[in-house]
Amino acid sequence: MKTSIHALVVTALFAMAGCASVKVDQVDSAHLANYKKYTWVKPEEKTSQLPQLSNTITEENIHSAVKTEFAKKGIVEDDQHPDLLLMYHIFTSQKTENVPNPPVYPYYGYGFGPRAYYFHGQLIPIAYAGYYNPWNTGYHQEHYTDGTLIIDVIDAKNNELLWRGSMENPVNDAGSLSKQFAKEAMQILGKYPDAK
């Protein structure tokens, strides 16, 4: 029962993640449209506290997602003569969510109070020990790991930060973190203006 409740909570958190929005901070979008070539640079600090986020698979998936999204906008990767420097950061933190308890029904699924049955002509009451009112379930706390992906776009000539996009979501499913962040990278870069 505890496992199924935890699965429901994780599912609810990821459902909320589907509603997460991209946050953008940028200079004038008309100015950004003049940049057409980029290359990747690595941040100096190690930003992730989760080892599974700091690996070449995650990096390659994010790079591939950004390359695909930028290509749609007329921006290409060029390590020799870039207009832009791209850098991504992943931050994680532990958070707590107040989650409503699921309704707990008595055995046989009937349960709106004590019942009885007839056996050999006698009325035999059924006692539901630990009966819960399904309309008054209360709340409990669930702990989860929250992750934020940030993509920075920097002017290659003067190192000025031109554009920053970010997205915050639960990251509890360790098996699909790389794909999750790649998908988020595409959503973030979807907000970047097209090149001229």
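Reader: How many aromatic pairs does the count come to here?

Author: The count comes to 5 aromatic pairs. The rule is that rings of Phe, Tyr and Trp (its six-membered ring) pair if their centres lie within 6.5 Å; planes under 30 degrees apart count as stacked, over 60 as edge-to-face and the rest as tilted. This is a predicted model, where local features need pLDDT of at least 70, side-chain atom pairs count only at pLDDT 80 or more, and totals for chains, interfaces and linings use all residues. Residues are numbered from 1 along each chain as its sequence is written, and side-chain values use heavy atoms, leaving out hydrogens and water.

Reader: Why is the pair of Y38 and W40 edge-to-face?

Author: In general, a pair of aromatic rings is described by the distance of the centres and the angle of the planes. For Y38 and W40 the centres are 6.5 Å apart and the planes stand at 85°, so this pair is edge-to-face. Y38 and W40 are both buried (buried means under 20% relative accessible area, exposed over 50%, partly exposed in between, with a 1.4 Å probe and protein chains only).

Reader: Which kind of pair do F70 and Y192 form?

Author: F70 and Y192 are edge-to-face, with 5.2 Å centre to centre and 65° between the planes. This pair links distant parts of the chain, 122 residues apart: F70 sits in helix α3 (residues 56–72) and Y192 in the segment after α4 (177–189). Helices (H or I, at least four residues) and strands (E, at least two) are DSSP runs, numbered from the N terminus. Both F70 and Y192 are buried. Ring pairs also join Y38, W40, F70, Y88, W163 and Y192 into a cluster.

Reader: Now for charges. How many salt bridges does the structure hold?

Author: Side chains of opposite charge can pair when their charged atoms come close. The structure holds 7 salt bridges, each being a side-chain nitrogen of Lys or Arg within 4 Å of a carboxyl oxygen of Asp or Glu. In one of them, K95 meets D146 at 3.7 Å, N to O. That pair links distant parts of the chain, with K95 in strand β4 (residues 84–100) and D146 in strand β7 (residues 139–155), 51 residues apart.

Reader: Is D146 buried or exposed?

Author: D146 is buried, at a relative accessible area of 5%, while K95 is partly exposed at 32%. K95 also forms a salt bridge with E168, whose closest N and O atoms are 2.7 Å apart. K95 lies in strand β4 and E168 in strand β8 (residues 161–170), so this pair ties together parts 73 residues apart in sequence. Together, K95, D146 and E168 are linked in a network of salt bridges.
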